[in-house]
Amino acid sequence: MKKSKFFRTILLIAVPAIFFTLFNYLEKPLTAQTSSVHLTMGNPSGANTSYSNLLLSKPQYAVSYNCYRGTPNWVSWQLNTSWLGSAPRQDDFRADTTLPSGCYRVTSSDYTGSGFDRGHMSPSADRTNTIANNSATFLMTNMIPQAPDNNQGVWANLESYCRDLVVNQGKELYIISGSYGTGGTGSNGTRTTIANGNVTVPARTWKVIVVLNAVNSGASSVTTSTRVIAVNIPNTQGVRYANWRDYRVSVDSIEVNTGYNLLSNVFASVQSTIEARVDSL
């Protein structure tokens, strides 16, 4: 076979294959893979390298970060007694320098005068075993603009309840926390954004808590009798003294509002039961 004809034959075979491979690559964005213990129950949004769904896998928690909103979509973490100790609260709120250069890096001062708290998703008090772990919770990629009454009242009470389950009842928790919607009411009134539009103020705050009886037992240990607490709370003033139990909902309802697939690592037959149920304890 002549050399020119040989190369034409190779091209006829290779070009379609290359095109098909490239097409599939573009159609199916690569999902970042991680063995993080904080994603034991799953990666709710399939977080990857997208600027609207950027996976930040940290030793202390895992985040789906939204560069366009300037807030996490969700934060997921494990909580058991190994994470708790006597390290003091660091209060070192700061920008997350691990974000790509094209993603706005929210600073602590972006919240100044906004009327909204720098609201932790993974709480400082859930990471007190070391100073470094506590400090990590003060990265701004772990914060949302949260109404003070929400953050300091009903939300804080639920956080305390979670730690009580761990410390006094020996439970292990897997917690996923997030927000959705646009427009919340802080101490200075209703806002849709702060920080010159770089940070979106969410309308709702939500949390899903899987309560396990044994440490490090994993998603396969979740059964239809496993307790799952889910709440959906308005990001407004006036809820400081509200009971978090009054905001309990099903996991299914949070999925409808967010589009996420929560607890995706749990057996499907179990998911269908526990995600439809509203906690009543």
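Student: Before we start, what should I know about the model and the numbering?

Tutor: It's a predicted model, where local features need pLDDT of at least 70, side-chain atom pairs count only at pLDDT 80 or more, and totals for chains, interfaces and linings use all residues. Residues are numbered from 1 along each chain as its sequence is written, and side-chain values use heavy atoms, with hydrogens and water left out.

Student: Is strand S12 buried or exposed?

Tutor: Strands here are DSSP runs of E, at least two residues, numbered from the N terminus. Buried means under 20% relative accessible area, with a 1.4 Å probe and protein chains only. Eight of the nine residues of S12 (residues 204–212) are buried, so the strand is largely enclosed by the rest of the structure.

Student: Which strands pair with S12?

Tutor: Two strands pair if DSSP finds at least two bridges between them. S7 (residues 172–180) pairs with S12 in the antiparallel sense over nine bridges, and Ile-176 has Val-208 as its bridge partner in S12. S13 (residues 227–234) also pairs antiparallel with S12, over eight bridges; there, Arg-204 is partnered by Pro-234 in S13.

Student: How many disulfides are there?

Tutor: A disulfide is a covalent bond between the sulfur atoms of two cysteines. The cut-off is a pair of cysteine sulfur atoms within 2.5 Å. The structure holds one: Cys-67 to Cys-103, S to S 2.1 Å. With -105° about the S-S bond, that link is left-handed. Cys-67 sits in the loop between S3 (62–66) and S4 (71–79), and Cys-103 in the loop between S4 and S5 (117–120), so the pair ties together parts 36 residues apart in sequence.

Student: Is Cys-67 buried or exposed?

Tutor: Buried, at 8% relative accessibility. Cys-103 is buried too, at 3%.

Methods. Buried means under 20% relative accessible area, exposed over 50%, partly exposed in between (1.4 Å probe, protein chains only). Helices (H or I, at least four residues) and strands (E, at least two) are DSSP runs, numbered from the N terminus.
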